[in-house]
Amino acid sequence: MNRIIEYMLPPQRSTVASDVDSLFTFINVAGFILFAGIMITILIFVIKYRRKSEDDVTPVITHNSILEVTWTVIPIILILIVFSWGFRGFLQLSSPPANAYEINVTAASWLWEFSYPNGGTTVNEVFVPVDRPVKFIMRSDDVIHSLFIPDFRIKMDVLPNRYTTTWFQATSTGEAILYCTEYCGTAHSDMLATVHVLSIEEFEEWLETGLEIDEDMPLADLGRQTYTGAGCNACHTLDGTDRIGPSFLNLYNTERELVDGSVVIADEDYLRRSILEPQAEVTAGYPANMPSYAGRLNERQIDGLIAFIKELQD
Amino acid sequence: MAESTANTLKIREFPIDENPKHTYLNAGKGIKSWLFTLDHKRIGLLYLGSITLFFFVGGVLALLLRTELLTPAQSIIDADTYNQIFTLHGAIMIFLFIIPSIPAALGNFFLPMMIGAKDVAFPRINLASWWIYIFGALFALYSIVSGAVDTGWTFYTPYSVQTETAVVSMTFAVFILGFSSILTGINFIVTLHKLRSPGLNWGKMPLFLWSLYATAIIQILATPILAITVLLLAMERIFGIGIFDPTMGGDPVLYQHFFWFYSHPAVYIMIVPAFGIISELISTFSRKTIFGYWAIALSSLAIAFIGFLVWGHHMFVSGQSELSSVVFSFLTFFVGVPTGIKIFNWVATMYKGSIDLKTPMLYALAFLFLFTIGGLTGIMIGALSVNVHLHDTYYIVAHFHYVMMGGTVIALLGGLHYWWPKMTGRMYSEFWGRITCGVIFVSFNMTFLPQFIMGSQGMPRRYFNYVDQFQGLHQFSTIGSYILGLGFVMMAVYLVWSLFKGPKAPSNPWKARSLDWMTSSPPPHHNFEYTPVILHGPYDHHKPMREFRMGVVREAADHSKPVARETT
């Protein structure tokens with residue numbers, strides 16, 4: 001049984017996970033016993049009381065009050081146990097400790113942005129310390145999204161009109177996957193992020209240095225890194241196929257026909273404007289739903305992206 | 001017995017014509033005699049044909065989805081098409097298939113027959129409900145060609161306000177379909193109150209009718225809320241009134257409250273009629289009095305009532321207050337109690353019975369297996385802390401398919417086979433019936449059991465791309481769905497065969513005791529050639545069959561004929 005349950009659930013990597021999993025196990029075991037009992041009874045009845053002849057006479061048993069009360073009261077006791085157990089776990093899940101490390105999360109179609117107390121931001125990647133409560137204060141730029149980290153057993157919708165919060169305390173270092181679980185359109189299933197759980201020392205060090213951009217990295221390499229890091233890859237391919245937006249392959253210096261009928265050349269200036277004010281000059285045939293990267297990327301990253309796009313010619 | 005009163009009825013046994021010449025099927029000829037019929041039986045068949053068509057469409061869409069999910073990235077269709085297809089699969093299956101399925105098709109056909117009435121109370125309203133359904137269906141089809149909606153069948157704001165697809169025409173279709181549902185509900189309630197035959201008191205009503213009664217109450221009370229909700233949504237899109245749009249001060253979570261205030265009770269519109277069919281099947285094929293008649297009858301009403309108080313369990317992580325979540329979780333568990341009571345009573349009915357594993361009974365047993373899993377996994381996701389992990393994952397997808405398909409659809413198939421001889425006058429192949437039931441049962445589990453595992457492991461629903469670790473389970477599920485599709489094709493083949501080549505059905509092939517079997521197969525235009533009189537309960541298998549065929553002797557009738565018994 002334990003093996004099956006272990007197979008069914010993701011690894012336990014937060015302080016709340018084991019309590020959630022115990023309740024999951026309890027309901028599965030109790031449910032299985034109940035289910036097996038009912039099915040075995042049916043099987044016995046079907047075999048033992050199968051029709052022997054067309055003239056079978058059956059006894060008249062209309063009801064039995066003791067039985068009715070029994071199978072009303074026992075389930076009520078079971079569900080009260082399950083309810084209070086789930087209630088306790090839920091209280092824990094919705095009460096972040098006061099000393100939690102706070103990270104602001106902004107969801108937009110289709111990326112996750114994380115802002116740290118020291119002013120740095122990351123996109124589609126979040127770095128958190130192990131063994132320390134971390135609280136996400138979340139809002140959405142557009143439609144409803146939902147933040148789900150299976151390894152931590154947490155999930156919370158992210159709303160456009162107010163903040164919602166969730167918290168966790170990771171118990172082991174390493175990477176965990178973060179999904180969007182409220183349907184949000186075309187690239188809903190690509191709206192993933194990676195949670196990097198670091199040891200306290202590594203995290204402190206990352207806060208010092210990790211958010212800085214490596215000034216020595218060649219611009220095009222930085223652009224390639226930004227392309228995945230900032231989530232451009234959710235909508236723009238590198239192989240010429242269309243997804244939500246135009247592919248980056250052979251994009252530079254081509255003529256772009258805009259929705260208003262005018263034509264612009266995709267030069268450095270146009271690419272920069274498209275990153276910072278994506279709704280201003282939308283290429284005809286594509287939806288106008290790219291989020292603005294103003295404030296999300298620094299100057300060197302934008303330069304890097306442009307250099308990266310310029311290199312993509314075959 | 002008050003023999004001295006003036007309204008003493010003379011009753012006698014009426015024999016059943018085993019070779020009826022005049023039936024409802026040949027009572028009128030031509031397409032108009034069907035499309036504008038006022039006969040509840042023909043309207044039932046119109047509904048049956050319509051829901052079969054939409055079940056086929058929704059099923060094909062489901063197989064497309066499963067095929068796309070064979071690989072973690074794009075397989076056959078792009079992301080936008082996938083999103084439109086899962087939305088249409090849900091919307092068609094819910095609004096065009098499962099809500100009207102049992103009540104409007106089988107209910108329409110058998111509710112008047114089971115109470116010995118000639119028709120429902122308002123035959124014209126009944127016909128209107130089918131036409132309204134057809135108009136709604138046309139709107140839904142129009143919305144598919146004019147930019148199929150991609151919001152999920154739940155139409156959550158603000159996405160549904162912002163998407164460029166045809167939300168307005170689809171929600172308008174839902175709006176229209178709602179009226180069809182309300183009219184059927186009103187008709188059933190009035191018919192059950194006013195048109196029962198002499199002697200048929202509430203305690204002698206077949207449990208299928210109790211379940212339709214409970215369903216009708218929900219249909220009337222809940223459906224208007226859906227109408228208002230989708231109307232507000234359409235106004236939001238067309239006029240920008242700002243009820244749900246946060247940029248204008250609205251609240252998108254308010255939409256979720258409105259939506260689930262209907263759509264949770266609607267789940268019981270879908271499942272409660274199935275309970276009714278199962279009660280009929282288990283008693284008939286165990287040839288035994290139903291155990292706990294009142295427990296089963298009243299638990300339907302209890303479910304209908306509690307079902308109105310639990311909508312918030314769809315929203316534990318939506319941002320509603322924690323206190324609401326706790327209250328909703330607590331109330332949710334209490335739906336489980338009457339549901340459990342039903343299952344225990346059905347099993348107890350089989351005790352010391354004479355169980356015949358005919359096709360309908362096999363479906364009833366399949367229902368008990370699948371629906372019990374559906375119910376127990378419902379307890380799982382009602383638990384607050386576990387729900388946080390499982391919400392919006394494949395666990396939810398698997399749970400509601402076990403309840404809706406393993407429950408309602410399997411019961412519908414059981415009912416379809418049970419009443420097929422009565423509706424068509426033909427028998428189907430028992431051999432192929434049993435084989436197909438087995439194929440559907442096994443392949444259903446192959447399709448949806450892996451989805452419980454995927455969901456627990458964290459696979460979110462409505463995902464076009466997925467991470468590689470889930471591919472094995474997804475492929476297994478897809479193969480199961482293909483076999484499931486094959487099962488339905490097999491069923492279509494032998495049922496169509498039965499229509500043309502099947503042996504003639506006797507009037508009561510299963511030796512059932514309820515009134516629907518006390519007339520010829522297929523029934524005459526007005527169901528009975530006499531006014532039936534009810535002496536015994538619908539499950540009194542210990543009473544002689546002839547006492548179930550009593551009818552009022554008309555004053556003009558020849559008084560020399562023997563009077564079997566007198567009653568008031």
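In chain A, 9 residues of domain 1 are in contact with 11 residues of domain 2. Two residues count as in contact if their C-beta atoms, placed from the backbone, lie within 7 Å. On the side of domain 1 of chain A that touches domain 2 of chain A, 6 residues are nonpolar, 2 polar and 1 charged. Here Ala, Val, Leu, Ile, Met, Phe, Trp, Tyr, Cys and Pro count as nonpolar, Asp, Glu, Lys and Arg as charged, and the others, Gly among them, as polar. The C-alpha centres of the two domains lie 34 Å apart. The model is predicted: local features need pLDDT of at least 70, side-chain atom pairs count only at pLDDT 80 or more, and totals for chains, interfaces and linings use all residues. Residues are numbered from 1 along each chain as its sequence is written, while chains are lettered from A and ligands numbered from 1 in the order in which they are written.

Chain A is divided into domain 1 (2-51 + 62-93), domain 2 (101-210) and domain 3 (219-311). These bounds come from an automatic or database domain assignment. The chain has 7 helices and 12 strands. Helices (H or I, at least four residues) and strands (E, at least two) are DSSP runs, numbered from the N terminus. The radius of gyration of chain A is 28 Å, well over the 20 Å that the globule rule gives for 314 residues, so the chain is more spread out than a compact globule. This radius is taken over C-alpha atoms, and the rule is 2.2 Å times the number of residues to the power 0.38. Along the principal axes, the C-alpha atoms of chain A fill a box of roughly 90 × 55 × 35 Å. Of the 314 residues in chain A, 37% are buried. A residue is buried if 20 or more other C-beta atoms lie within 10 Å of its own, exposed if 12 or fewer, and partly exposed in between, with C-beta atoms placed from the backbone.

Chain A meets chain B through 69 residues of chain A and 74 residues of chain B. On the side of chain B, α10(B) gives the largest share, 15 residues. Helices that each supply at least two residues there include α8 (252-286), α11 (359-382) and α14 (430-457) of chain B. By class, this side of chain B has 41 nonpolar, 24 polar and 9 charged residues.

The largest nonpolar core has 258 residues. Such a core is a set of buried Ala, Val, Leu, Ile, Met, Phe, Trp, Tyr and Cys residues joined through C-beta atoms within 7 Å. B:L209, B:I278 and B:F367 have the most contacts inside this core. Helix α3 (residues 79-114) of chain B gives the most to the core, with 22 residues. Not counting residues up to four places away in sequence, B:I278 touches B:W346, B:A364, B:F367 and B:A411.

Several loops hold local backbone features. A cis peptide bond joins A:S109 and A:W110, with omega about 5 degrees. A:W110 is in the loop between β1 (101-108) and β2 (111-115) of chain A. Another cis peptide bond joins B:S521 and B:P522, with omega about -10 degrees. Phi is positive, near 55 degrees, at A:D131. A:D131 is in the loop between β4 (125-129) and β5 (134-140) of chain A. This residue counts as partly exposed because 13 C-beta neighbours lie inside 10 Å. Phi is also positive, near 60 degrees, at B:D392. B:D392 has 22 C-beta neighbours inside 10 Å and therefore counts as buried.
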